[in-house]
Amino acid sequence: QVQLVESGGGLVQAGGSLRLSCAASGSIFSIEDMAWNRQVPGKQRELVASISSGGITNYADSVKGRFTISRDSAKKMVILQMNSLKPEDTAVYYCNANIRQKLWGPWSHYWGQGTQVTVSS
């Protein structure tokens, strides 16, 4: 089974940094777009950053200039480097990806379990 597993979350003071990683595993032929989303209890999940298979990135206005998304195709990983963290960045961060398991198979959307990021003031 295809799995996405996030890691790197934790507690950090405002102004600090964290590096989140998400590793895809299982029977995977190729990965298209990958992204990071975040969610606060009681609120809608929102897109933080995305990166295409060609390396084109997109960021939410709230994180531009502070977060950087990257990917390592060989390792089937997507990274979110988070700098100058603010208390409002506190949320559960989820990675997601469009994955094809076989050459002639369909593209399917997968989500990780999430990793908690807490930024103290």
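**An exposed tryptophan and an open sheet**

W104 is exposed, with a relative accessible area of 81% (exposed means over 50%, buried under 20%, and partly exposed in between, with a 1.4 Å probe and protein chains only). The model is predicted, so to speak of local features a pLDDT of at least 70 is needed, side-chain atom pairs count only at pLDDT 80 or more, and totals for chains, interfaces and linings use all residues. Residues are numbered from 1 along each chain as its sequence is written, and side-chain values use heavy atoms, leaving out hydrogens and water.

W104 lies in the loop that links β9 (91-100) to β10 (107-111). In the chain there are eleven strands and zero helices (DSSP runs numbered from the N terminus: strands are E, at least two residues; helices are H or I, at least four).

Turning to the sheet, four strands form an open arrangement in the order β1-β3-β8-β7, with antiparallel pairing (two strands pair if DSSP finds at least two bridges between them). Its edge strands, each pairing on one side only, are β1 (3-7) and β7 (67-72). From one strand to the next, the twist averages 15° (axes are lines fitted to C-alpha atoms, and angles run from 0 to 180 degrees between N-to-C directions). Six antiparallel bridges join β7 to β8 (residues 77-82), and I69 stands opposite L80 in β8.

As for the whole chain, buried residues make up 40% of its 121 residues. Along the principal axes, the C-alpha atoms fill a box of roughly 50 × 25 × 25 Å.
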